[in-house]
Amino acid sequence: FLTDLGASDLVVGLSLAAYATPFVLLSRFGGRLADRTNRVTVAFVSLLFIAPLTATYGMFATPLLPILFGVIEASFQAAAQPAASGMLATGAPAGRAAAAQGLAGAFNQLIAATVAILATWGYGQFSARTIFIAAGVGILMIGLLARTLARKLS
């Protein structure tokens, strides 16, 4: 996508580093926030920012704006991911937290692979705008489902 917007290979590589930077700098803070407040709330509020940011990526005509929005999104991901991991660890049966996190990690990779295949096909069939809007809606729907399940289990 960034290449289609005119980004060089170097810019694409730097964008990946830029996206990773908030995780390095903020995930400890995000995890502490989730532990001190409410993990469900931290994860869900983060998703309320992540979903629309994701939906906007396909609306830009230059590479700089999706990269900047990606850094902002990654900042919210740095809170959402530790909160989700904490919910999983505390929600798992006694002695099964590591197994539950391993299973969740495996499903995350399976979903990522499936979405990558579908997005690659969809990018050629539709447009970047359509794909990113669909991704944002999908993130929001999964977040709403997770929040509903968390409330039922509480």
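Asp35 is exposed, at 53% relative accessible area; exposed means over 50%, buried under 20%, and partly exposed in between, with a 1.4 Å probe and protein chains only. This is a predicted model, so local features need pLDDT of at least 70 and side-chain atom pairs count only at pLDDT 80 or more, while totals for chains, interfaces and linings use all residues. Residues are numbered from 1 along each chain as its sequence is written, and side-chain values use heavy atoms, leaving out hydrogens and water.

Back to Asp35. Its side chain meets that of Arg39 in a salt bridge, 2.7 Å from N to O. The term means a side-chain nitrogen of Lys or Arg within 4 Å of a carboxyl oxygen of Asp or Glu. Arg39 is partly exposed, with a relative accessible area of 25%. How many salt bridges does a search of the whole structure find? The count is 1.

Next, Glu73. This residue lies in helix α3, residues 64-91; helices here are DSSP runs of H or I, at least four residues long, numbered from the N terminus. Glu73 is buried and has no salt bridge. Side chains of opposite charge can pair when their charged atoms come close. For Glu73, the nearest side chain of opposite charge is Arg129, 16 Å away. Lys and Arg count as positive, Asp and Glu as negative, and His and the chain ends are not counted.

What does the side chain of Glu73 join in a polar contact? The partner is the side chain of Tyr57, at 2.4 Å. A polar contact is a pair of N or O atoms within 3.5 Å; within protein, one must be able to donate a hydrogen and the other to accept it, and residues adjacent in sequence count only if both atoms are side-chain atoms. Not counting residues up to four places away in sequence, Glu73 touches Tyr19, Ile50, Leu53, Thr54 and Tyr57, where contact means heavy atoms within 4.5 Å.

Helix α2 holds Ser46, which is buried at 4% relative accessible area. Leaving aside neighbours within four places in sequence, Ser46 is in contact with Phe76, Ala79 and Ala80.

Last, the surface. Val45, Leu48, Phe49, Leu140 and Leu144 form a nonpolar patch with about 400 Å² of accessible area together. The elements giving two or more residues to the patch are α2 (39-56) and α5 (128-153). Helix α2 gives the most, with 3 residues. Patch members have over 30% relative accessible area and no salt bridge, and nonpolar side chains (Val, Leu, Ile, Met, Phe, Trp, Tyr) are joined within 5 Å. Areas come from the Shrake-Rupley method with a 1.4 Å probe. Leu144, in helix α5, counts as partly exposed because its relative accessibility is 42%.

Methods: Patch = residues over 30% accessible without salt bridge, like charges linked within 9 Å, V, L, I, M, F, W, Y side chains within 5 Å.
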